[in-house]
Amino acid sequence: MSPAVAPPRPDEEAIRDALRGVADPEIPAVSIVDLGMVERIEVGPDRIEVELLPTFVGCPAQELIRSTVIDALAPFGCPTVVGYSFRVPWTSDRITATGRANLTAAGFAPPAEPGDVRCPRCGSGVVVRDSYFGPTQCRSLWYCRDCRQPFEAFKPI
Amino acid sequence: MTATTIASALDAPTRTALAGFLLAMADDEFVIGFSDSEWTGIAPILEEDVAMSSIAQDELGHARALYELLAGLLDDGRDADALAYDREPEAYRHARLLDHGRGDWAMTIARRFLYDTADAARLASIGAGWPPLAELVAKIRREERYHAMHALAWVDRLARAGGEARARFVAALDELARDAPSVLATPGGEAALLEAGILGRSMAAAFDAWRSDVAGVLRPLMTPLALEPAADAARHRAAPSDDFRWLWGEFTSVRRSEPGATW
């Protein structure tokens, strides 16, 4: 009998690439990697561990994201454990440049201090905040006085 | 590390005190979250319908995270849902301020303002002694900042409105002033919590900070509110208010009709 040869361990970068295919269900244009939710990936001898940071403590998408991550990593052939933690607080500064560009392209102003918010449609800075709170926990309601359209901005947090 | 493993480093009196403190915080967030959610669909304007619903969702999320920490600490087989839903009304430890029902919009804003400012003083009192709580609180404070901005904008608007809006708002503050300090009542075993660094300052110190915060906001708007420290036993009561009993009936109705249901 020849000794069993262990299958090659998946590489962390390959896992991160696979996670680029997992989107926030409330903002499908941005992956959880570009949102800055992926804090740690650890490849153990018999499992992959992924530590995620919730954008908001009560974000209702957490369970859906967990199961989507498990499905996305299934091709690596070993079990995946997804944990949420507050070890590091998620902040909107963790959104990558790609994430910010994708937010704008999808019609959401990326997080910015109130004076720096731009209309994602026409780029105007002549905008007013209608409400601190929007249809999801992470968004607020704004109005562009130039193109006269309402829009949503990601809250700086 | 889980809350359970970190909890094993705490001595028994500290664990008991921490469990009581977590239950009080979790119940506060849970009860005000459910009260706020009553505005979903019927708030005075659409933006406020969205805002109160979003705030309620935040608070219920905070409550769930705190009940999960408590479940890990108690390690008695109950999960966050069991802790949140499977108690009789008498066993809830929310502050007396939250025994007052939703009321009208002025009452809701008065209650949110007093609660948000008191809760901020409480959150600012949490030390680094028990990392799971310190880490969660660091995250929660970033979210609560938005609740405070929302409440302060409405305090200003109602107080300056004059007429019936102002009169109702001032009356609501007066009605709540006696019970508002209960949010910062001294918890059982506070000395142990201070000793372990779980609290960085006493609730009496938090109360003083809160009283001066409230005075600073209201000074340009109206005569000062009389706020006196709450009695020790403020969170224990044999007979919760009718408003809370009604709310309890609402938030436990699904759980009681289908125990163990999931979706």
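This is a predicted model: local features need pLDDT of at least 70, side-chain atom pairs count only at pLDDT 80 or more; totals for chains, interfaces and linings use all residues.

Student: OK, which elements of chain B give two or more residues to the side that touches chain A?

Tutor: Those are α3 (46–74) and α6 (131–161) of chain B. The residues on that side divide into 8 nonpolar, 6 polar and 8 charged.

Student: What area is buried between the two chains?

Tutor: About 2000 Å², with carbon and sulfur atoms giving 64% of it. On the chain B side, B:K139, B:R142 and B:Y146 lose the most area to chain A, together 33% of what that side buries.

Student: Switching topic: what's the strand order in the chain A sheet?

Tutor: β3-β4-β5, in an open sheet with mixed pairing. The edge strands are β3 (38–43) and β5 (80–84), each pairing on one side only. From one strand to the next, the twist averages 15°.

Student: Do β3(A) and β4(A) run parallel or antiparallel?

Tutor: Antiparallel, with 5 bridges joining β3(A) to β4 (residues 48–52) of chain A. In that pairing, A:E42 stands opposite A:E49 in β4(A).

Student: Which strands does helix α2 of chain A touch?

Tutor: Helix α2 (residues 62–73) packs on the sheet and touches β4 and β5 of chain A. Its direction makes about 155° with that of β5(A).

Methods. Residues are numbered from 1 along each chain as its sequence is written. Chains are lettered from A and ligands numbered from 1 in the order in which they are written. Side-chain values use heavy atoms; hydrogens and water are left out. Two strands pair if DSSP finds at least two bridges between them. Helices (H or I, at least four residues) and strands (E, at least two) are DSSP runs, numbered from the N terminus. Axes are lines fitted to C-alpha atoms, for helices over the stretch in contact, and angles run from 0 to 180 degrees between N-to-C directions. Contact means heavy atoms within 4.5 Å. Buried area is the accessible area (1.4 Å probe) that two parts lose on being put together, summed over both. Ala, Val, Leu, Ile, Met, Phe, Trp, Tyr, Cys and Pro count as nonpolar, Asp, Glu, Lys and Arg as charged, and the others, Gly among them, as polar.
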